[in-house]
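Here is a short briefing for a first look at this structure. Keep the sequence and the 3D view side by side as you read.

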Amino acid sequence: MECVAFSSKNNDTMKRILTTLGLSLLTVVCAVAADKPNIIVFLVDDMGVMDTSVPFLTDASGAPEMHPLNEWYRTPNMERMANLGTRFSTFYAQSVCSPTRASIMSGQNATRHATTQWIRPEGNNRGKFGPEKWNWVGLTKESVTLPRVLKGEGYRTLFLGKAHFGPLDSEGSDPLNLGFDVNIGGACWGRPKSYYGRDHYGNHPNYAKKMTHNVPHLEAYYESDTYLTEALTLEANKEISKAVEAEEPFFMLMSHYALHTPFDSDPRFAANYENSDKSKQAKAFATLVEGMDKSLGDIMDHLETLGVAEDTLIFFLGDNGSDAPLGGSHTVASSAPLLGKKGTHYEGGMRVPFIAAWAKPDVANPEQQALPIAQGAIQPQLGTIMDLYPTILKVAGAPSPDGYIYDGYGLETLLAGQSDEAHPDVFLMHFPHDHRSNYFTSYRNGDWKLVYHYYPKANKQKSHYELFNLKDDFAESNNLAQSNPEKLNAMMRAMVAQLEFEGALYPVDSEGNDLLPIIP
């Protein structure tokens, strides 16, 4: 909804009426928009569930359980936000970035929107046996997106940081084509060439022969000591101030390039890790984590200063599993005690941190009464990235377009600290491409997890099937596929049904024929 003045050029009576009533009408229209909560989605690139001092994993009683990686990282502002709201012990994203980003924007699973692989800016990276018709161009001007729907309801829509919604020169490469009013830093690139102002964030003339992965719109910080994470945060707070001054509710997708490579050490925090025996890269990664956390705190502080913290809802999450430079891709290392990292079919590849909180809880606030969030709580029921779309639209009072299909479920009941039988404990992650793990579908249903490998020889398991009971075996160390054929059959049938329902595209064989799942 926009605040607009009414006029009539030729009707004197209408002019007198509007002169009398125009101001009050304008005030009413503006007030309707202003009554909507501000919403921030704070998205961190390559941040897994263990890349924080906040413990998300729980023990058998449901209490948070600290692990060595929680002791290693420093994220006091994530701790602050967790105390203000609710965190999920199990929250799923796709195992690589572009599919997750499209899912957040659309509310659809990757099987439905068909961006099932990270988007290579220079061209199609389907892989040798990937489906030919996968959506490698990403989002377009015609796509139904969260910011586009919110913009139609009077929101000022702000984007900062990493976009990666489409390849080079595509519509999706510019967030302004996808419903955002403001874009600072967003382009086709999935990582920056440099986090340093002295390198112009990849735009320095020294890179002129191969100008790629250059972060746009930050010229004001060139030749300065301003780290990329800090520059984006400063710009974010400026845009928040503009929206508040204009008395417009805002939706902000604060999408940091951190924690993605290159692991350029953030000098503001390097001293905190210099005495560690971890590798140089691991220490640099830890500085990226701490810098990201400072950004969260700076934005929360700014909301307080402006007096809008009570009216602002924040969702914090990562876009895929950890890529911390600790151990191998298919080991218990970067996401310990979970197995695997970004790009794999294991829990460490797709479990991400998720926290939801009002920036300043106030039980008397009408907006917070419409979406109460339990404070200092851990929600054991699983959630997914698709759930943001319906949850945000409901709290904003913005209906999804008629006939539009999305796959997420509202989180309202879960955020209130209750269980929700209407929210399925199911997550399907379909990856018909090659990466660290190749050509697989991962399917979580309750305590059970199935992984189907379309090309068994391309994975170290050398089998189509992996079956785990995550309640008893969260590290996925005991494959029950052979010992529990009945459960394997049931899980395969459920997985195939969801793949078909969502219109999945499959890997192909050497002759181009679809490789359909084989139910044992």
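The notes below cover a sheet, the helix beside it, and one serine in a loop.

This is a predicted model. Four strands make up an open sheet, ordered S11-S12-S13-S14. Ser173 lies elsewhere, in the loop between strands S4 and S5.

**The sheet**
- Strand S11 (426–431) and strand S14 (465–469) are the edge strands, and each of them pairs on one side only.
- On average, neighbouring strands of the sheet are turned by 10 degrees against each other, direction ignored.

**Strands S11 and S12**
- S11 and strand S12 (residues 440–445) run antiparallel and are joined by six bridges.
- Phe431 stands opposite Phe440, a residue of S12.

**The helix on the sheet**
- Helix H13 (residues 485–501) packs on the sheet.
- H13 touches S11, S12, strand S13 (448–453) and S14.
- The direction of H13 makes about 70 degrees with that of S13.

**Ser173 in its loop**
- The loop that holds Ser173 runs between strand S4 (156–161) and strand S5 (182–184).
- Is Ser173 buried or exposed? Ser173 counts as buried because its relative accessibility is 13%, and the cut-off for buried is under 20%.
- The side chain of Ser173 reaches the backbone oxygen of Ser170 at 2.7 Å.
- Leaving out residues up to four places away in sequence, Ser173 touches Gly166, Pro167, Gly186, Ala187 and Cys188.

Note on methods
Residues numbered from 1 in each chain as written. Predicted model: local features only at pLDDT ≥ 70, side-chain atom pairs only at ≥ 80, totals over all residues. Heavy atoms only, no water. Pairing = 2+ DSSP bridges. Helix = DSSP H or I, 4+ residues; strand = E, 2+ residues; numbered from the N terminus. Axes fitted to C-alpha atoms, helices over the stretch in contact; angles between N-to-C directions. Contact = heavy atoms within 4.5 Å. Buried < 20%, exposed > 50% of the residue type's maximum accessible area, 1.4 Å probe, protein only. Polar contact = N/O pair within 3.5 Å; in protein donor to acceptor, adjacent residues only side chain to side chain.
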